[in-house]
Structures are given as C-alpha cells and as structure tokens.
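Thank you all for coming.

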Amino acid sequence: MTSRILVVEDDPSLVQGLRSALEGEGYVVDTATDGKKGFECARDGDHALLVLDVMLPGMSGLEIAKRLRDSGRTTPIILLTARGDENDRVLGLELGADDYVTKPFSVRELLARIKAVLKRAPVAGKAPVREMFRFGDIEVDFKRQRVTKGGHDLELSTREFRILAYFIEHRGEMLSREQLLNEIWGYDVFPTTRTVDNHIARLRKKIEDEPDAPRWILTQRGAGYVFETAAADEAV
C-alpha cells in the first residue's frame, strides 16, 4: 500500500524539491504552504506521516502538532527546524512529534528519517502478540490504538500509547530511561531522560487511580521503570 505524506512548508522551491524526491520514492504527496491550511489537511486527511516546518504563516508547525495530538490524532510527525533552535526541537518532541530534521538538510537524510519513522509506527519495537490487553479497569486495543478506563476513552498521545504498549510488551522487566529513549524516540533523536520522566508522569495521570502512588508503572530508583506484571496478569 502506497503511503500518503503531507508536507507543510512555505518555501515553494523546497516544496517542489520534496514533492519530486518523495514521489520518486513511491509516496503520494499532498502539500500546504501555510499553517492553517496545513492543519486542516492534517486533521481531515488520511496520511501516513506529516512533515511540518516549524516556522509557518498563520499557524506554526508546533501549534499544528499540539492541536492534532490534543484532538487524539496519532499520525507520525517530522518537524523541520532551523539550525540552532534547540528549544523548538525539544518542545516539538514534548508535544508529540516523532522526529526532527534541521535546516539546511539533505533530501537523503529526510528520506531516511521518514522511512525510520514509518517503520516504527504505530508502536515501537515488536507488536504485542495479542490485540487486546486488560489490566484493572483499563483495556488496551492495539489494533485501533484505543485505551479505555472504566469504559471511557483515554486521550493518549502517540508517544504515550507507544510507551504503554512497550511496557506491556516488556511487562515485569526493568526498563532503563536510556532503553526507553532508544526504543520509543529512536537512537538518533536527542531528548533527555527527563523527557521520559515527563511523558511517564503524564501517562500515569491518565491510567493510575493515584498517580503519586502508582499501581502499574513503578519507579525503580536510579534504574528505570517496571510495568507491574503480577497485578496486570490477574486481569488479563
């Protein structure tokens, strides 16, 4: 199946070059040259991946990413950022972007990033054997990327879902922050271990009855995290 990619970039020459390169690799390409139109295309379209410039007229790529994640859209996102704008890259990854490429960049590098992100979407690592997993009053539907608690939908970001799926796949194992960085974010992306802690804190607020006294995702001080398999397995 051919993957459809949306490129949101306001430089016409760059848009033309990216379209040519992506179509040459067999992708179907949609484009938008301003943030508002780009958000509408991303919201309403059925894309395998989004390439968003951070600096756009009308609405920034960061705002597009935030609105999409807040609305529950899990489409993978690669940000195009200016060299030296480290804050934009960190914020973009915190908002749920999957990767970034700094300008100026080679088309070959971007193509490699696109292939890597598509390869690990929707869930990093090996997909769990089962389509459903239940623990406590939480049900995870891997096929639909849907999580419910007490029968009510939880709004998890793409990254939060991947983290939860990875914990379930490796339940009972101690997972270091560095391992989670490599497996969920990718070895060539630079977020810090603090980024892992922030994402897990947000995930706990959604799945734990008492986030400050978690039952499922336990901290191993100085080592990492463990998904409490004994308690979970009782409810499978």
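This is a predicted model: local features need pLDDT of at least 70, side-chain atom pairs count only at pLDDT 80 or more; totals for chains, interfaces and linings use all residues.

R134 stands opposite E139 in β7, and F133 stands opposite V140 in that strand. Strand β6, residues 132-135, runs antiparallel to β7, and four bridges join the two; strands here are DSSP E runs of at least two residues, helices are H or I runs of at least four, both numbered from the N terminus, and two strands count as paired if DSSP finds at least two bridges between them.

Residues are numbered from 1 along each chain as its sequence is written, and side-chain values use heavy atoms, with hydrogens and water left out.

Back to the hairpin of β6 and β7, which has two residues between its strands and in which G136 takes a positive phi near 60°. These two strands belong to an open sheet of four, in the order β6-β7-β8-β9, with antiparallel pairing. Because β6 and β9 (152-153) stand at the edges with a single partner strand each, one side of each is left without a neighbour in the sheet.

Which residues of β6 lie on its covered face, and which on its uncovered one? F133 and F135 are on the covered face, whereas M132 and R134 are on the uncovered one.

That brings me to the aromatic rings, where rings of Phe, Tyr and Trp (its six-membered ring) pair if their centres lie within 6.5 Å, and planes under 30 degrees apart count as stacked, over 60 as edge-to-face and the rest as tilted. By this rule there are five aromatic pairs. In one of them, F135 and F227, the ring centres are 5.2 Å apart and the planes stand at 90°, so the pair is edge-to-face. Since F135 lies in β6 and F227 in strand β12 (residues 224-227), this pair ties together parts that are 92 residues apart in sequence. F135 and F227 are both buried, where buried means under 20% relative accessible area, exposed means over 50%, and partly exposed lies in between, with a 1.4 Å probe and protein chains only.

Another pair is F142 with F161, whose ring centres are 6.4 Å apart and whose planes are at 70°, so this one is edge-to-face as well. F142 sits in the loop between β7 (138-141) and β8 (146-149), F161 sits in helix α6 (residues 158-169), and the two are 19 residues apart. Both F142 and F161 are buried.

Three residues lie between β11 and β12, and G222 in the turn has a positive phi of about 80°.

Let me now turn to the interior. A nonpolar core is a set of buried Ala, Val, Leu, Ile, Met, Phe, Trp, Tyr and Cys residues joined through side-chain atoms within 4.5 Å. The largest such core has 27 residues, and those that touch the most other members are F135, V140, L164, F167, L180, I217 and F227. At least two residues each come from β6, β7, α6, α7 (177-185), α8 (193-207) and β12, and α6 gives the most, with seven residues. A second, separate core has 19 residues, including L56, M59, I64 and A65.

Two details elsewhere deserve a mention. K103 and P104 are joined by a cis peptide bond with omega at about -5°, and P104 is placed in the loop between β5 (99-103) and α5 (107-120). In strand β1 (residues 4-8) we find R4, which is 43 residues from H47 in sequence and yet 5.0 Å from H47 in space, C-alpha to C-alpha.

To finish with the chain as a whole, its secondary structure comes to nine helices and 12 strands, and buried residues make up 46% of its 236 residues.
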